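Dear colleague,

My notes on what was found in it follow directly after.

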Amino acid sequence: MGLLSGKTALITGAARGIGKAIALKFAEEGANIAFTDLVLNDDMAAGLEATRKEIEAVGVKCNAYAGNAADFEETEALVKKVKEEMGSIDILVNNAGITKDGLMLRMTEAQWDAVINVNLKSAFNFIHACTPIMMRQKGGSIINMASVVGVHGNAGQCNYAASKAGLIALAKSIAQEMGAKGIRANAIAPGFIETAMTAQLPDEVRKEWAKKIPLRRAGQVDDIANTAVYLASDLSSYVSGQVIQVDGGMNM
Ligand code: NAI
């Protein structure tokens, strides 16, 4: 018996990176997995299917869904399909995210809108569609993937930091609104985690980050996945409305 046996988890943006690590860890703990990702070309479709197979090989049911998490109507239809095909949705991880960095004076409206829509509106879309299902099931755990910059801010990332602060406030508000229905909502705020997203950063930026981390290493995707298992499972049954910073001690 795993910590998540008998539960179904829906994870957004999980074809790679942190989302994929969470899906695999949840599967190892016995959860059935539904995950989404953006599919704009054949390579992305192949990536989605490859990840689905990898998760299924752990020995659980795994369905993959192509979809733009920022699209409200698409998300409503997707969640309906997940419920029909998987039976229940007990855990929702709002993980899909992008960066379009720039200093405020040079930031375009398109950069602002894209990041707010993909990072923040997507979580509204999925919470809006999933919570009626969770309420009928008399419980659920929602995890928003925020960031330490959503707590502390970051020059050059005003759009991204604002979206991540929004995800934290969204989790706290849902925790208050829906606690009586057995629904918990929390946020994880990762620090510097080695993924495709951070691989894009210039070397000098990566070195600057490393200097600020007391544990003197970048985080790995499993560091985040382990925290997600805790928040998804009954180990955290009295934890709601919290932000857990997983950042090697970078921010205290
Ligand atoms: P990643 O870029 O490797 O993975 C993000 C996934 O989201 C990709 O598979 C991408 O296709 C998907 N995605 C993007 N737009 C989408 C959309 N409109 N609809 C559906 N899926 C979409 O990034 P990574 O590093 O795994 O990040 C995952 C989450 O963790 C993000 O929310 C990110 O902001 C957050 N995070 C990451 C940190 C890091 O150091 N890597 C630090 C703090 C937070």
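R216 is found in the loop between α8 (203–211) and α9, where helices (H or I, at least four residues) and strands (E, at least two) are DSSP runs numbered from the N terminus. This is a predicted model, in which local features need pLDDT of at least 70, side-chain atom pairs count only at pLDDT 80 or more, and totals for chains, interfaces and linings use all residues. Residues are numbered from 1 along each chain as its sequence is written, and side-chain values use heavy atoms, with hydrogens and water left out.

The phi of R216 is near 55 degrees, a positive value in a residue other than glycine. With a relative accessible area of 60%, R216 is exposed; the classes are buried (under 20% relative accessible area), exposed (over 50%) and partly exposed in between, with a 1.4 Å probe and protein chains only. K138, not a glycine either, has a positive phi of about 65 degrees. This residue is found in the loop between α4 (109–137) and β5, and K138 counts as exposed at 70% relative accessibility. For context, most residues other than glycine have a negative phi.

As to the whole, the secondary structure of the protein comes to nine helices and seven strands. For 252 residues, a compact globule would have a radius of gyration near 18 Å, and the 17 Å of the protein agrees with this; the radius is taken over C-alpha atoms, and the globule rule is 2.2 Å times the number of residues to the power 0.38. Along the principal axes, the C-alpha atoms fill a box of roughly 45 × 40 × 35 Å. Of the 252 residues, 49% count as buried. Contact means heavy atoms within 4.5 Å, and of the contacts with a separation of 6 or more, 73% are accounted for by residues 24 or more positions apart.

The interior may be described next. A nonpolar core is a set of buried Ala, Val, Leu, Ile, Met, Phe, Trp, Tyr and Cys residues joined through side-chain atoms within 4.5 Å. The largest such core has 33 residues, and those with the most contacts inside it are I11, I22, F26, I33, F35 and I55. The elements that give two or more residues to this core include β1 (8–11), α1 (17–28), β2 (32–37) and α9 (221–232). Helix α1 gives the most to this core, with seven residues. Apart from this core lies another, of 30 residues, among them L10, V82, I142 and A185.

Leaving aside residues up to four places away in sequence, I22 touches I11, V93, M145, A225 and A228. G19 lies in helix α1 and is buried, with a relative accessible area of 0%. G19 and F35 are 16 residues apart in sequence, and their C-alpha atoms are 8.6 Å apart in space.

I174 is found in helix α6 (residues 158–178) and counts as buried at 8% relative accessibility. Not counting residues up to four places away in sequence, I174 touches I127, I142, G179 and A185. The C-alpha atoms of I174 and K207, 33 residues apart along the chain, are separated by 37 Å.

With kind regards
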